[in-house]
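Subject: Structure handover

Hello,

I am passing a structure on to you, with some notes on what turned up when I went through it. Please have a look at it first, then read on.

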Amino acid sequence: LAHPRSGSTVVSHVLQTHPDIVGFGEHHEGYDDLVALNGLATRNAWFDRSPDTTHRYTMDKIVWNHHGLGDDVVGHPDARFVFLVREPAATLESYRRMFDDMKTDERRLQSYRNRMNGLVELAERIDDPSRCAFVTYDDLTDRTDAVLADLTGWLELETPLSRDYDLNSKSGSQSWGDPSKHIKAGTIINVERTPTVIDLDVLDEANTLYRETCEKLTALTAGDRQPTSADEASPQTA
């Protein structure tokens, strides 16, 4: 569960490379009930060309509010939710480069705000920290080994998640996540985005939103287990 341009494609590649997890890009769907989840499992097995293979998890990534989750899915005891967010300066710059319908700083901020609020609402609906993990892009790139070790333990995987991941036929294509060349590196890297032009008031509002969202998601997902970064949530250290 993420917003666009957050590093979600890299995370999904890392997860689906693990032998106990099957996934294939981004299906651009929501899941209203358990029947829909069964459909996801079938599609993922077909894309993986291994319909007879038993995996512990089937997965998808969701980055838009209109791809919703039903109560049966949110409340299912076997469902696990990884929340991922990225600081706004790089995110809004990536929005500018990727989305033709986001022409202004204000429009990009609106989209960012809507999804960040949507992620908090999802965490509130799940209301079970033991089934949630919270990661920021900074965590992922600056403390990669610690983040992956934390996720490995939380998912109870027998073998560790690796920073190196496999590509598939859809990696780098527009409709399946990150279309940039960076995803084809096959390993987690830090991609810096320097804004060309951004209104300082917009950036200040976005930074405040990011900080508050990190604080809320930390509170809603930590429970008895702490997120990988033990520092106070901030645009630099959340």
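Helices here are DSSP runs of at least four residues, numbered from the N terminus. By that definition, H5 covers residues 105-126, and just after H5 comes Asp127 with a positive phi of about 55 degrees. H5 itself has 22 residues and reaches 32 Å from its first C-alpha to its last, close to the 32 Å expected at 1.5 Å a residue. Please keep in mind that this is a predicted model.

Next, the aromatic rings. The count comes to two aromatic pairs. As for burial, Tyr95 has a relative accessible area of 0% and is buried. Phe99, at 19%, counts as buried because the cut-off is under 20%, while Trp64 is partly exposed at 24%.

Asp60 sits in the loop between strand E2 (57-58) and helix H3 (71-74). Asp60 is buried yet has no salt bridge; Arg43, the nearest side chain of opposite charge, is 5.5 Å away. What does the side chain of Asp60 reach at 3.2 Å? That is the backbone nitrogen of His27. The Asp60 side chain also makes a polar contact with the side chain of Tyr31, at 2.6 Å. Beyond its neighbours within four places in sequence, Asp60 is in contact with Gly25, Glu26, His27, Glu29, Tyr31 and Leu40.

Last, a residue in helix H1 (residues 8-17): Val14. Val14 counts as buried, because its relative accessibility is 5%. Val14 and Ile188 are 174 residues apart in sequence, yet their C-alpha atoms are 8.5 Å apart in space. Leaving out residues up to four places away in sequence, Val14 touches Leu148, Leu161, Ser162, Arg163, Tyr165 and Ile188.

Best wishes

Technical notes
Residues numbered from 1 in each chain as written. Predicted model: local features only at pLDDT ≥ 70, side-chain atom pairs only at ≥ 80, totals over all residues. Heavy atoms only, no water. Helix = DSSP H or I, 4+ residues; strand = E, 2+ residues; numbered from the N terminus. Buried < 20%, exposed > 50% of the residue type's maximum accessible area, 1.4 Å probe, protein only. Lys, Arg positive; Asp, Glu negative; His and termini not counted. Salt bridge = Lys/Arg side-chain N within 4 Å of Asp/Glu carboxyl O. Polar contact = N/O pair within 3.5 Å; in protein donor to acceptor, adjacent residues only side chain to side chain. Contact = heavy atoms within 4.5 Å. Expected span 1.5 Å × (residues − 1). Phe/Tyr/Trp six-rings, centres within 6.5 Å; stacked < 30°, edge-to-face > 60°.
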